[in-house]
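Let's take a walk through this model together, moving from one local feature to the next. Please keep the viewer open as you read.

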Amino acid sequence: MAEFRLIPHSLSEWWAARSEMQRDVWNMGFVVVGASVLGLIGWWWGVPKWKEWRQGTAIEQVEQFAEQGDYRSALLALRRATESDPSNPAVWQRAAEFLARIGSPEVVVARRNLTRLRPEDMGLKVALVTEALRFSDLESAQEGLSQLEDGARQDAAFFRLAAAVALAMGQQADLENHLKAMLEVDPDDYAARFNLAAVQAWSTDDDVAAAALVELARLCAHPEVQVRAALERLKLAALSRDPVRVDQEVAFLLRSFDPEQAGMSPLRTDPDEPPGWDLLLNKLRDRARGSGTDASLLARWMADIGLELEALNWVKELPSEVQQSNQLTPTMLDLAASTNDLELLRELLESGRLGRIPLNTVNLALAARVQALEFGGTRGMPTWEDAIATSVNSLAGLRVLARLGGVWGDEMEVNLALEKIVELYPREFWACEALRVNYAVAGDMEMLWRLYQIWAPRVPHNTSVQTTWIMLAAVLNRIDNRMLEVADRVWSNRTEPVDPAVVLAMIAAVWRSGSIDTAERFFDQLPVGAERNPRALLWRAILASDQDDEATLSYALRNLPRESLMQVEVSLLEGVLAAREQRQLAQERREQLDAQGPISGVPGGTARIPSAGE
């Protein structure tokens, strides 16, 4: 009957038969197994809870630090929250909301991570494009736009975003195409109608410009875009420098704003102003009061025509919700800075509406301005440098410093702020573009070269930046194996039709490497019509000079507008022409010597140079 014993009874007998040492070993094994099981259960349940607790604590700290105005600590706490669980969309959502609220460009990074974690959410991609445009991160804006699915590319919202990106990138043809597509979807979108007419009104095609002017006249009757259309027509009239046309425009706009003016002749209150000018200004101000966009455009236009103080005083009287709008706040900052209203300037900088700017940065920037106004010269520059030093952890602060320096017309102040942005914030490509313009205008080629050495490697797929880098290296004689590799990559990645800048960059790089004939063959790759491009003519002249092609050189020099070239390019051309002249003089000298025949007394006509001992 032993075969029917219960298992526990058998186990107890088995256990009793073990020695003390064996029992200790088994007890230890039971403890280890039990601890492992409990540990696995604890890890499975506890680690997520611990992460959740850590994230919650970090988010709470973010809010606490933000309330205290300690944004550096708030950002550090936010970084801890995202690093604790970088794959948690909820954390990145909180991060995006906070960064957007304090005006930090890092919101673009948060939006990009959200789109990566939730690729199916089209709303997140739209938000990425919107935030990227807000902070001039055009590459991220293009990236977000390209990720939108085909189904989302047929509605007006997509075309509106695409038009905004094209506008920011200066792509006028794309801008017009997107606006036209938007109007096909929604013909009653008056903002799109205005934007298209405003672009076409400046066309070099007289028929297109005339049709756009008529469209602007129609839009002057629609309250939604009335102010914008009126300002655009006034700008065009002023550009004509025709007093009669300006008078007619003012009279037309008065009738558009107030039909009761029909048949009435406006009064001329000032001999230097069109009849009805004051009345029109009042009507424009009345219509723009309720819109941050219209108020901003009107205030900037008034500043452009010399009414800065009047514009600022009017803006100060607007409703607070309009004053605090995202559209009007930057305009108020510019007006306050240009009129040296330092009290309003401090209020705007400390309000947080332009991003969270360190208090020390505000104090030092204003102190530097006071020093400049009181003592002139560069007296305030050390204080300005201190202001930059206090804002190294605040991109918003550096952006504002660059903007203020621009309004005050101090190139050194602007460049110092922009250079710090380029150094600390690699994705702020707008700062690179701004420095490019400043250095080029100043003719500082060495600083321009240093900028491209930093900028170009960061944007390897930006053809415009890469070709300019190559061209600059060629002009400054900095072509080396690395630059030749860059040129080869750009050429390999070319699209059709080929961008003339790509062809010219290859010509410049190959010429500097000594392959003149190869460089000449690249001219065949230029699109039709591009051969009269000033830089195409420049390199035609350079190669023709090296090849002693008199006819081509004469044609290129005759048609080359030197004023459109940088001074360093002009110097390069003059150096090449001077070298050609030296070659020609040397050739003439050789021919003269050959014509004289052998030197008398020397067999074979070969002169022997005496040695030092003779």
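Where is Pro497 found? Pro497 sits in the loop between α27 (481-492) and α28 (500-512), and a cis peptide bond with omega of about -5° joins Glu496 to Pro497.

A word on the ground rules before going further. This is a predicted model, in which local features need pLDDT of at least 70 and side-chain atom pairs count only at pLDDT 80 or more, while totals for chains, interfaces and linings use all residues. Residues are numbered from 1 along each chain as its sequence is written, and side-chain values use heavy atoms, with hydrogens and water left out.

Now for the overall picture. The chain has 32 helices and zero strands; helices (H or I, at least four residues) and strands (E, at least two) are DSSP runs, numbered from the N terminus. Of its 614 residues, 40% count as buried, where buried means under 20% relative accessible area, exposed over 50%, and partly exposed in between (1.4 Å probe, protein chains only). Among contacts between residues at least 6 apart in sequence, 51% join residues at least 24 apart; a contact means heavy atoms within 4.5 Å.

The buried residues are Tyr190, Ala192, Arg193, Phe194, Leu196, Ala197, Ala198, Val199 and Gln200, and what covers them includes α9 (172-185), α11 (206-219) and α12 (226-240). At the start of α10, a side-chain oxygen of Asp189 comes to within 3.2 Å of the backbone nitrogen of Ala191. Tyr190, which lies in α10, is in contact with Leu219, His222, Glu224 and Val225, leaving aside neighbours within four places in sequence. Tyr190 and Pro223 are 33 residues apart in sequence, and their C-alpha atoms are 9.6 Å apart in space.

Asp548 lies in the loop between α30 (534-546) and α31 and is partly exposed, at 45% relative accessible area.

How do helices pack here? Two packed helices are described by the angle between their axes and the distance between the axes. Helix α14 (residues 277-288) and helix α15 (residues 292-304) pack at an angle of about 150°, with their axes 8 Å apart; axes are lines fitted to C-alpha atoms, for helices over the stretch in contact, and angles run from 0 to 180 degrees between N-to-C directions. α14 and α15 are therefore roughly antiparallel to each other, a term for angles over 145 degrees. Trp277, Leu281, Leu284, Arg285 and Ala288 of α14 meet Asp294, Ala295, Leu298, Trp301 and Met302 of α15. By class, this contact has eight nonpolar, no polar and two charged residues; Ala, Val, Leu, Ile, Met, Phe, Trp, Tyr, Cys and Pro count as nonpolar, Asp, Glu, Lys and Arg as charged, and the others, Gly among them, as polar.

Helix α31 (residues 550-559) and helix α32 (residues 567-596) pack at an angle of about 150°, with their axes 14 Å apart. The contact is made by Glu550, Leu553 and Leu557 of α31 and by Leu573, Leu577, Arg580 and Gln584 of α32, and by class it has four nonpolar, one polar and two charged residues. Gln567 is found in α32 and counts as exposed, at 55% relative accessibility. The C-alpha atoms of Gln567 and Gly443 are separated by 6.9 Å, although these residues are 124 apart along the chain.

Finally, visit Thr329 in helix α18 (residues 328-338). Thr329 is buried, with a relative accessible area of 2%. Its side chain reaches the backbone oxygen of Ser325 at 2.9 Å and the backbone oxygen of Gln323 at 3.3 Å. Asp341, in the loop between α18 and α19 (342-351), is buried at 17% relative accessible area. Asp341 touches Leu312, Lys316 and Ala336, not counting residues up to four places away in sequence.

Key:
Polar contact = N/O pair within 3.5 Å; in protein donor to acceptor, adjacent residues only side chain to side chain. Parallel < 35°, antiparallel > 145°, perpendicular 65-115°, else oblique.
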